[in-house]
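Hi,

Here's the structure I promised to pass on. Have a look at it first, and then read my notes on the salt bridges below.

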Amino acid sequence: MRYLGIAAALVVAAAIATFARYESFDPCDWLEHDMARSLGMPALVAQARIRATFMFRGIVEPDTHDCLGAWWHLKAEGLPEEES
């Protein structure tokens, strides 16, 4: 029972941290936010670049799965993080 409480606390902490960083639980918002910040471009340019990339791949309306995969790919590329 103690492990269940620890797991629940970790899930809650991860949800709070995610919302604090992105102000959203939508992976499409995460992708836009991280791409704009990492590449130093305005959010509107990042949004257009993301939409163009999805359209090039034949995805007209990206869903959560598509955005989550693209977000993981962006993180895996190791783009420079913003200095704190």
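Let's start inside helix H2, where Arg 37 and Asp 34 sit three residues apart, so about one helical turn separates them. Those two form a salt bridge, with their closest N and O atoms 3.4 Å apart. Are they buried or exposed? Both Arg 37 and Asp 34 are buried. Keep in mind that this is a predicted model, by the way.

Asp 34 has another partner too: Lys 75, with 3.3 Å between the closest N and O atoms of that salt bridge. Here the two residues are 41 apart in sequence, and because Asp 34 is in helix H2 while Lys 75 is in helix H4 (residues 64-76), the pair ties those parts together. Lys 75 has 27% relative accessibility, so it counts as partly exposed.

Then there's Arg 21, whose side chain meets that of Asp 34 in a salt bridge as well (3.7 Å, N to O). Arg 21 belongs to helix H1 (residues 2-22) and Asp 34 to helix H2 (residues 27-39), so this bridge links parts that lie 13 residues apart in sequence. How accessible are the two ends?

Through shared partners, they join Arg 21, Asp 34, Arg 37 and Lys 75 into one network.

Cheers

Key. Residues are numbered from 1 along each chain as its sequence is written. This is a predicted model: local features need pLDDT of at least 70, side-chain atom pairs count only at pLDDT 80 or more; totals for chains, interfaces and linings use all residues. Side-chain values use heavy atoms; hydrogens and water are left out. A salt bridge is a side-chain nitrogen of Lys or Arg within 4 Å of a carboxyl oxygen of Asp or Glu. Helices (H or I, at least four residues) and strands (E, at least two) are DSSP runs, numbered from the N terminus. Buried means under 20% relative accessible area, exposed over 50%, partly exposed in between (1.4 Å probe, protein chains only).
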